[in-house]
Amino acid sequence: MTFGTSTPVRSVRRLLLGVGAAALLAGAVQAQSLYAVNIEAGPLDAALLSLAKQTDQQLFFPREAVAGRKAPALQGRYTPEQALAVLLGGTDLSARRTGPEVLVVQRRGAAAAPAEANPPRPFVGEIAEAGPALLGLVEAGSSTAPTTVEELQVTGSHIRGVQSPSPLVVADRADLERTGQTTLVQALRALPQNFGGGAAEGTALTGADRSGRNGAFGTGINLRGLGAGATLVLVNGRRIAGSGAFGDFADVSSIPTAAVERVEVLLDGASAIYGSDAVGGVVNIILRRGLEGGELRLLGGTATRGEPVEGQASVVAGRRWDGGGALFAYELQRRDALPAAARPFSASADLRRFGGRDQRQANSFPGNIQRTDPVTGITAPYWAIPAGQNGVGLQPGDLQAGTANRGEPRKGSDLLPQQTLNAVYLALDQAVGEGFELTADARYSARRFRLRSLPSTATFTVNRSNPFFVSPTGAASHSLAYSFAEDLPNPVISGTAETLALTAGAEARLPRGWRADLHGAFAQEIDESRNTGLVNSALLSEALGAVADRPQTLFSTARDGFFNPFAGVPGANSSEVLAFVGSGFSTSRSRSRVVSGGLQLDGALWRLPGGELKVAAGVQARRETLTSSGANYASSLAPTPTRAVDVSRSVAAGFLEARAPLIGPVNRRPGVERLEFSASLRTERYSDVGPTTNPRLGLIWEALPGVAVRATYGRSFRAPALREVQDPTSYSPTFLPFGGARVLSLLLNGGNTDLEPETAESWTATLDVAPPNWPVAVHLTGFDVRFDDRIERPVQQSVTTALSDPTLAPFVERIAPALNAADLARITALISSPQFVSVNGSFPAEQYGALVDNRYVNTGGLHVRGLDLTATGGFELGGGRLDLAATGAYILDYEQQVTPASPIVERRGVAGFPVRFRGRATADWTRGDLTSGVAINYVSAYRDGVGARIDDHATADLQLRWAPSRGPLKDAAATLIVRNVFDRSPPFYDNTSGLAYDPANADPIGRYVVLQLTRRW
């Protein structure tokens, strides 16, 4: 198997680069089209609305800036800019173009370019309800929500030009920069509603991601803590290929930050709109298009403790011509690994220095001789091999009963991998005749990763055939728990994650304001990884002398020597022996692919008293495939292919959506400025799990100008991942904790063809208070999600308590093969079957103490309730402007039921689950060319699995930005960012993984300093 970029992918990359360069060099910008304009004298807001409609432009403006102003009459043929110059003449307002059909009206001097604007920071600004909202601009006459004049489709609805009743957070490029985060992934992880547990690069090897599927170290989004698979991620409104071994979450780390125009986060179930996975919400990443000019960005960052160091370089360039344009973006990101030894809270698993327990393990150097209780099946170290001796001439009396060595489980390993991303993006659009537009875009990325894994450990049997063997009891053999941390380098995991996404679309403007949208999309991700430097258990048994020299290997104990497991000093084993036993490796390759297409119609059916009744209807289809293969050389005499997976399914869907404004500007009355109902329905048929139909209802009631209530009810679902249904059965041994010791257990793994989709009911209710003349806006949202028939591996989710937790009893069977002949026959048959796979060594059948069902099942349920609160405001101060914002997510309940028969358990504020409260507050002061800002991030206190307190945690970020508005540097900007300015370490967590912090809720990097330079043209 080869690793790296395949020849077809290289060809695609060269094609994208070539087409992008050609598009950028094609032609000069031609003169803008003239439009017939006929506007009567009257209110300025009405004139702007009329102009936007007559010129087919998206037009944004601040409501408070145009309120009460008048506009002159205007008739004739004008470009949009010419018409705006007349309408805004004599005022302090100006207009600027930010896209091919996007114009922004604002006060002069407010911002020189979109990226220079200073709205509230993302995830602390308003929870927007429609439209981009990226600049905090609103349509005159709207309630509390930012919106756009032109009929723009936004996340949460297929209908253009409507306001969503669901909470919607929107952040543009400038907002993302002001988070102080250097990548899109980091900015999204700052969202209080996003739980850090689950698929992420920092949780893959630290125990916080229990799924074990994220072998390529991608990062998913986990809204409300419902799981990364329950958050739908879109790019430009289209699904992307799944990531991980099961292809069940979307990796956002492959998306170039420089190509992002804005991010829209829908905090509501939306399966009635988008189908499967939209249970916790939807993240729609809108990429840039319509740029005239370019941007170069250089960024460097480092932790003040020395590691890791980061660098980025990106370029974006665009051309516009009559009716169309092209945009090309390239980004390079590189960040070094973070060694566990570089931070005091991860350097040693002996956590007694923090007030915790000694979490070091029995697999140690020197090793431990173990014994197994035949009744309980508990295996524990009982005789410690003494340190300071070379294992030659060791006597039984040197082994003291009741003693044990302890090994560092993370010695020499990395907390974060080294990552390098190369990403390219190309977007094209072209109008063809009147009312017809073609669009296409392509995105390719290659992300490479490398890290040092945990040191190799093994539990093996050694007997009298080994010349170093010594028994404290006179037995013929013993089981040893051993760590190779002093013998071999740590295994190294390396690989690539390649993504390719192609989309094409056609939009036609039909009579009476209707539109038709036809699109097709192809998305693919290929993950390849290689784990080298593993201890091969079959070769180890030969080197131990447990089996005779095999003719299949070139190793000879007579020539090369025996492996000595009784040594107490490093260097006792020869390099030949160590090279032989440490030559194991494993490889894997998975390919996830989604091919989709759809047709949609939307427009107004007729006029109701409060406005137009708008509807959208459409059909969609997609094909999902997942293949995986690999090889394993960790327990065999030759590399053995892993069981190949090749699964697929087809999905067909139809949807219908309607918005009915019953009361609006024309017929408003006291206490009801606006009243609007919405309804949507989507039905889907899966070729493997059957049909599902999901509705959603919405309400918007504006009682007073700027004071509104919005509410939604909907049903959502998540279809099983392909491998959750069709994964082959396998058996694997592992040691599970029990009573302070460990029990050798045999896990039954695999898919379940009887799985059904997960289902959920969700409610949201939002109160918006943002009167037109108030400097403050407040948005309060309550949410309630009941998630049933969840697809889980209950044991995997609670592996440390699997043998002691009574709620997991249906999945655990205790056995005693050393005493029971039936148990012995049963376990012997299982470990002798072709489905038996072990990377942990081989063990006698008599040593097993439990059979554990770790397959996927539709198990119990989850009930999550909480509140989101956002407040923003700004005022003039000290000759500049001060903008304040705060947002927080408060979890009222996170009630989990593992099985229908088990009790309901409150998991809110327990390690591994969402905390009670996460919040972020910011203050930004702008005066002239300088902007300074401070942000406070807060995580409330919570507890570990046994009830011990984990303290709350607050960090402060600082930012200073200089963007000259004149002179030779007027198109440049410099930004200095300091994250965690006081270098606060994470709060202590007595983590059984040996770390003194919680990777799901804390960042191990510490103080981080970033300098970013930007140049636009």
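## Salt bridges in the model

A salt bridge here is a side-chain nitrogen of Lys or Arg within 4 Å of a carboxyl oxygen of Asp or Glu. With that in hand, let's look at this predicted model. Arg 239 and Asp 277 meet the definition, with 3.3 Å from N to O. Their pairing links distant parts of the chain: Arg 239 sits in strand β11 (residues 238-239), while Asp 277 is in the loop between α7 (271-274) and β13 (281-287), 38 residues apart. Both Arg 239 and Asp 277 are buried.

Across the whole structure, a search finds 53 salt bridges.

## A pair that spans the sequence

Arg 160 and Glu 507 also form a salt bridge, and their closest N and O atoms are 3.2 Å apart. Arg 160 belongs to the loop between β8 (127-128) and β9 (168-172) and Glu 507 to strand β25 (residues 492-509), so this pair ties together parts that are 347 residues apart in sequence. Arg 160 and Glu 507 are both buried.

## A partly exposed partner and a network

For Arg 352 and Asp 358, the closest N and O atoms of the salt bridge are 3.6 Å apart. Asp 358 is partly exposed, at a relative accessible area of 22%.

Elsewhere, salt bridges with shared partners join Arg 622, Glu 624, Arg 649, Arg 682, Glu 684 and Asp 688 into one network.

## A nonpolar patch on the surface

Now for the surface: a nonpolar patch has about 940 Å² of accessible area together, and its residues include Leu 296, Leu 930, Trp 962 and Trp 1017. Two or more residues of the patch come from each of β14 (293-303), β49 (953-962) and β51 (1008-1016).

Leu 296 is placed in strand β14. Its relative accessible area is 38%, so Leu 296 counts as partly exposed.

How values were computed
Residues are numbered from 1 along each chain as its sequence is written. This is a predicted model: local features need pLDDT of at least 70, side-chain atom pairs count only at pLDDT 80 or more; totals for chains, interfaces and linings use all residues. Side-chain values use heavy atoms; hydrogens and water are left out. Patches are made of residues with over 30% relative accessible area and no salt bridge: like charges are joined within 9 Å, nonpolar side chains (Val, Leu, Ile, Met, Phe, Trp, Tyr) within 5 Å. Accessible areas come from the Shrake-Rupley method with a 1.4 Å probe; for residues, only the protein chains shown count as cover. Helices (H or I, at least four residues) and strands (E, at least two) are DSSP runs, numbered from the N terminus. Buried means under 20% relative accessible area, exposed over 50%, partly exposed in between (1.4 Å probe, protein chains only).
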